[in-house]
Structures are given as structure tokens and as C-alpha cells.
Amino acid sequence: MTPEPEPFPFLFINHGTPDVETVGKCEEAFLWFRGPVAPADRARIAAGVPSPLQRFWHWDREFCYFGSEGDTYEFAVLSDYTPEPVRTALRTADPTRDPAAWHRAFEAATARFDEAIEAFAADLERWARAVHAIAPIAVLWGPEGTPDDDAWHRASVAGFAEMMGERLKRYVPGHDGTKALNWIKDRCAPLLAATAPRGRARGETSPDEARSIGAINDACRRGRPTEFVRRLTHDEGEVLRNGELIAAFVGDTRAWSARLERLAPLSQLTFLASYDVDHAQLLQTYPALPERVRALVEGFAPDERRAALPLLVMLAQTITRDTPAFDRQRRKSGSLAAQVLRVGFDQPGCRGATFARASRYLRWSGQAREARAMAEEGLFRYGERRTLVRAALKAARVMGDERAARKYEARLTALTSTTP
């Protein structure tokens with residue numbers, strides 16, 4: 001008897017038609033094959049990729065990373081997949097010679113954008129099936145914004161860890177493939193870091209959980225900050241995304257801390273620095289939080305050390321709600337935040353601004369004398385710095401020590417006049 005065909009020939013993450021609102025100015029995708037792909041086959045595969053995703057291309061032995069470039073994705077879908085005759089009208093309109101005519105053609109095409117997206121998605125699937133006949137595909141990671149309930153997508157998510165877990169763990173890229181591989185791993189991490197089944201014995205680690213631990217630790221190492229993390233930036237997003245991964249792993253039961261402690265120290269501090277930890281529960285679980293984070297930092301690998309201070313600063317900011325994510329600061333927690341920062345004083349990257357921040361948090365908690373001492377400690381260590389003199393001045397004013405305040409004002413004036 002002829003064997004039944006597979007319901008889906010390969011894994012296809014994000015299969016289906018993307019939502020109109022998700023099609024933006026750029027898009028990236030990747031194909032991972034079941035083995036090395038010959039150069040001649042690579043050329044055939046690249047030649048047929050749908051136009052919105054053909055602007056850049058990177059090949060490694062078993063994967064290719066490709067997509068749009070610059071701001072071309074949305075317009076390429078519009079101009080190449082809108083139904084005729086609208087498509088031809090848009091292509092032939094000249095915005096320099098007749099802007100009004102071009103605008104009319106553009107508006108007409110935009111009105112049919114949903115049809116263009118559907119046609120593009122169908123073309124992508126057609127191309128992928130043709131590629132699979134040339135070089136068997138393990139997984140295609142398609143454009144974002146497709147429906148979560150798509151049957152092919154759901155089956156691909158369910159089978160992803162088994163298909164790709166070991167491949168991603170053991171794969172060694174070519175000399176110029178590390179950046180592309182890291183992008184792929186970042187996309188795949190949520191599918192590899194699933195929460196282990198509940199009810200498992202506390203000390204027991206299942207194969208799925210071991211894979212999750214490895215994927216999370218790997219993601220946190222890739223996304224570790226090496227300098228102060230500015231909020232609302234890509235670097236902050238890296239830490240917060242990894243915090244979300246860990247939150248799914250540890251769960252929301254009372255045993256979350258035991259599960260967290262199965263991760264590497266860097267991963268644990270990444271979670272504590274993110275928004276996904278309940279800080280009221282955190283302090284109940286770790287009443288001696290500064291000692292806990294000190295132990296974690298001491299467990300960092302040598303090449304992870306530069307991540308310690310940025311993560312400690314993020315933790316201190318979250319403890320005090322000193323970030324744009326919160327409407328109101330929690331100043332009464334400033335003393336604890338300053339203790340957390342002190343853990344980082346002997347770590348790479350510490351500078352006067354770190355002491356000034358700790359001084360501010362102490363002042364917030366009503367410890368003006370300690371805040372002044374903290375600023376003075378920074379001045380002793382780093383010399384005259386405006387940020388430290390300013391911190392000492394503010395503390396002196398809160399203390400009501402006008403004599404000291406005048407001295408700090410004079411020092412600040414001198415620093416300002418001598419600094420270019």
C-alpha cells in the first residue's frame with residue numbers, strides 16, 4: 001500500500017496570511033534545511049523567493065537568512081501582488097512627472113492591500129514547497145502577523161523543539177554566520193523554552209526542562225548588556241524579552257524560586273532585573289536580597305562580568321519604579337535599591353554616576369545623611385565629578401546643613417567653569 005502523505009511536509013512557523021496591520025517596512029525570515037545545501041541548489045532557491053523578501057540573503061551550510069532591506073517590504077507587497085490592473089497602474093505611474101496620478105494609483109492599490117497580502121502569502125507557500133523538492137526543509141520561519149490558530153503553524157510549534165532543539169544547540173556557523181545564527185536563535189528561544197509539566201518532583205529535571213534551561217541560559221548570554229541600559233531602547237528590550245522567557249519557565253506558583261535557581265546565575269539576575277518578577281513576592285522570597293544578588297554575581301563567568309552592573313542598575317530602577325514603565329516612583333524602597341547597587345561597586349563599568357544614583361535612592365528613602373556619605377564615597381574614589389558633587393549638595397540641603405551646601409555649590413560652580 002502507498003503510505004499516507006505527511007499532513008505537512010515541513011515545519012512552517014507563521015504559516016498563513018498576515019494581518020494587514022502587521023505588514024510594515026521590513027521583514028526577516030529564515031529557512032533551516034535537513035542537511036547541507038549545495039551551491040547550485042542555493043542559487044535555484046534564491047532565484048525564486050517572492051520579491052518582498054529578496055532584498056538581502058545570507059547562506060550558511062544548513063540555513064539561509066533573508067528578507068527585505070530598508071523600508072521596502074510593505075511597498076513591495078503592494079506593488080507586486082495587488083490584483084491587475086491596479087498593480088500595473090501603480091508600477092507605471094511616475095510620482096515626479098504626475099504626482100496626482102501616482103497618488104490615485106497608490107490609493108487604489110492600498111484599497112486592495114488585503115488581497116495583495118493574501119496573494120503574497122500564497123506565493124510564499126508555493127515557493128517553499130518548490131524549495132522543499134530541491135533541498136528538504138526542516139523549518140521555514142515566515143513573516144510575522146499570521147493567525148495563531150492556523151493548523152500548519154500550530155503543528156509546527158508543537159514539533160519545533162524536537163526538530164530544532166539539538167540542531168540549534170550543536171550547530172557551528174561559518175566564519176560570517178554568527179550574527180545571522182544569533183538572530184535565528186533569538187526568534188526560536190520562546191519555542192524551545194516551554195514550561196515543564198507541573199507536578200514533577202522538585203529535584204527532577206525532565207529532558208524538555210533541560211532543553212528549556214539550555215535555551216534560556218543561551219538567550220541570556222546572547223542578550224546580556226555590557227554597559228548601562230537606557231530604557232525604551234533595543235538593549236532594554238533584549239533583557240525584558242529574556243525576562244518573559246524566564247517568567248514562563250518559573251511559572252506563578254510558590255515554587256517559582258526553586259525553578260529559577262535551576263538557571264545559570266546570569267539568567268537568574270536577568271529575571272530579577274526584568275518587569276516580570278513580582279517584587280513584593282520577590283522580597284518575601286529573598287528577604288536578604290542584596291546578599292542574594294551578590295551570590296549570583298559571584299557565580300558569573302569571567303566573560304559575563306560586564307553584565308553585572310547594568311543588571312543591578314535595572315533591578316534597582318525596578319525596585320524604586322524609577323523607569324517610564326511606572327506612573328509613580330516607589331521612593332520608600334530607595335534604601336534597598338542602594339544596597340543592591342552597592343553590590344556592583346566592585347564590578348566592571350562602575351563609575352561616579354553609579355554612586356550618585358545610589359545617593360539619590362538613599363535620599364528618596366529619607367536617609368539624607370547616608371546619601372551624602374554615599375556621594376562623598378564616590379568623590380573619594382573618582383575625584384571631582386559634577387554628578388557626585390550635585391548629589392552631595394542635594395543631600396546637604398535635605399539635611400539642612402547650609403554651610404556644607406554652600407561649599408558644594410562653590411565646588412560645582414568651579415567644576416562647571418573649568419569643564420569645556
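Tutor: Start with helix α18, residues 386–399, and helix α19, residues 402–418. This is a predicted model. Two packed helices are described by the angle between their axes and the distance between the axes. For α18 and α19 the angle is about 160°, and the axes are 9 Å apart. An angle over 145 degrees counts as roughly antiparallel, so α18 is roughly antiparallel to α19. The crossing of α18 past α19 is left-handed.

Now look at who touches whom. From α18 come R386, V389, R390, A392, L393, A396 and R397. From α19 come A404, A405, Y408, E409, R411, L412, L415 and T416. Sorted by class, this contact holds nine nonpolar residues, one polar and five charged.

A356 sits in helix α16. Among the contacts of A356, leaving aside neighbours within four places in sequence, are T387, L388 and A391. Is A356 buried or exposed? Its relative accessible area is 9%. Buried means under 20%, so A356 is buried. Compare its position with P7, 349 residues away along the chain. The C-alpha atoms of A356 and P7 are separated by 62 Å.

Step back to the loop between α15 and α16, where α16 spans 352–364. Q347 is found in that loop. At 10% relative accessibility, Q347 also counts as buried. Not counting residues up to four places away in sequence, Q347 touches V297, R305 and A308.

A308 brings us to helix α14, residues 308–320. Its partner here is helix α15, residues 334–342. Their axes come within 9 Å and cross at roughly 175°. That angle makes α14 roughly antiparallel to α15. On the α14 side, the contact uses L312, V313, L315, A316, I319 and T320. On the α15 side, it uses G334, L336, A337, V340 and L341. By class, the residues of this contact are nine nonpolar, two polar and no charged.

Helix α7 covers residues 178–192. Where does the kink in α7 lie? It lies at D186, shortly before the proline P190, and amounts to about 30°. Buried residues of α7 include W183, I184, K185, C188 and A189.

Note on methods: Residues numbered from 1 in each chain as written. Predicted model: local features only at pLDDT ≥ 70, side-chain atom pairs only at ≥ 80, totals over all residues. Heavy atoms only, no water. Axes fitted to C-alpha atoms, helices over the stretch in contact; angles between N-to-C directions. Helix = DSSP H or I, 4+ residues; strand = E, 2+ residues; numbered from the N terminus. Parallel < 35°, antiparallel > 145°, perpendicular 65-115°, else oblique. Left-handed = near helix turned anticlockwise from the far one by under 90°. Contact = heavy atoms within 4.5 Å. Nonpolar A, V, L, I, M, F, W, Y, C, P; charged D, E, K, R; others polar. Bend = angle between axes of the 7 residues up to and from the residue. Buried < 20%, exposed > 50% of the residue type's maximum accessible area, 1.4 Å probe, protein only.
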